[in-house]
Amino acid sequence: ETMNLSFTPATATVAANADFTVNILAKPSINTVLRGYKTNVNFDKTKLAFKSIQYKVGIDSADLGNETADFNSINSSGIVYIVGEDTTATGSVLTAANGAEIASITFTALVATATTVTITDSSFYSVNADGSLFDTWTIAAQNLSVNGGGSSGGTCTSFADDFSGTAKGFD
C-alpha cells in the first residue's frame with residue numbers, strides 16, 4: 001500500500017522577507033485509520049526560515065515532533081521533524097479519495113531565489129480491521145518548488161554513470 005505525501009500548494013512564488021504557508025497532504029492508496037506518523041521536511045536554511053507549525057491530524061508527540069517554539073534548532077538544521085499521533089479511541093480516518101492535511105508549516109523567504117523543500121524519512125502507522133498495527137506503507141513524496149526551484153516530482157537520490165561508453169559524435 002502507498003501513502004502519497006505532497007505539499008499544497010505544490011509551488012510558491014514568494015518575495016524576499018515574505019511569509020508563506022504550505023500544508024502537507026497524506027493520501028493513502030486505501031482507506032485507513034491513522035494512529036501515528038513521522039516525516040522530515042528539509043529546506044535550505046540560507047533561503048528559507050521556519051516560522052511555525054500546526055499539527056492538523058492528532059497532536060505532536062511530546063519531545064519527538066517539532067513545535068513552533070523549536071524554531072531556533074529547526075532554522076539551525078534546516079529540518080522540521082514532524083512526529084504526530086492520534087490518541088483518540090477512533091483514530092483519524094484517511095480516505096483514498098481525499099486523504100488529510102497532517103500539518104501546516106509557515107516559512108519566511110529570506111531571499112527571492114529558487115529552492116526546493118523536500119519530504120524524507122517518513123513512516124505512517126495505521127490500525128487494521130483486526131486491530132493490529134500496520135506500518136509498511138510505501139511512501140511516495142512530492143517536493144515543494146519555491147520561486148521555480150526544482151521539480152514538483154520525486155527527487156533523484158542516486159546517479160552513477162561516467163559516460164565512458166558514450167560515443168561523442170562531434171565533427
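Colleague: Why is T39 called buried?

Modeller: The relative accessible area of T39 is 1%. Buried means under 20%, exposed over 50% and partly exposed in between (1.4 Å probe, protein chains only), so T39 counts as buried.

Colleague: What kind of model is this?

Modeller: The model is predicted: local features need pLDDT of at least 70, side-chain atom pairs count only at pLDDT 80 or more, and totals for chains, interfaces and linings use all residues. Residues are numbered from 1 along each chain as its sequence is written, and side-chain values use heavy atoms, leaving out hydrogens and water.

Colleague: What makes T39 and S122 a polar contact?

Modeller: Their side chains come to 2.5 Å. The term needs a pair of N or O atoms within 3.5 Å; within protein, one must be able to donate a hydrogen and the other to accept it, and residues adjacent in sequence count only if both atoms are side-chain atoms. The 2.5 Å pair is therefore inside the cut-off. The side chain of T39 also reaches the backbone oxygen of T120, at 3.5 Å.

Colleague: Which residues touch T39, apart from neighbours within four places in sequence?

Modeller: Among them are L5, V80, I82 and I119, where contact means heavy atoms within 4.5 Å.

Colleague: What makes a set of residues a nonpolar core?

Modeller: The members are buried Ala, Val, Leu, Ile, Met, Phe, Trp, Tyr and Cys residues joined through side-chain atoms within 4.5 Å. The largest such core has 35 residues, and those with the most contacts inside it include V80 and I82. Nonpolar side chains tend to be buried together in soluble globular proteins.
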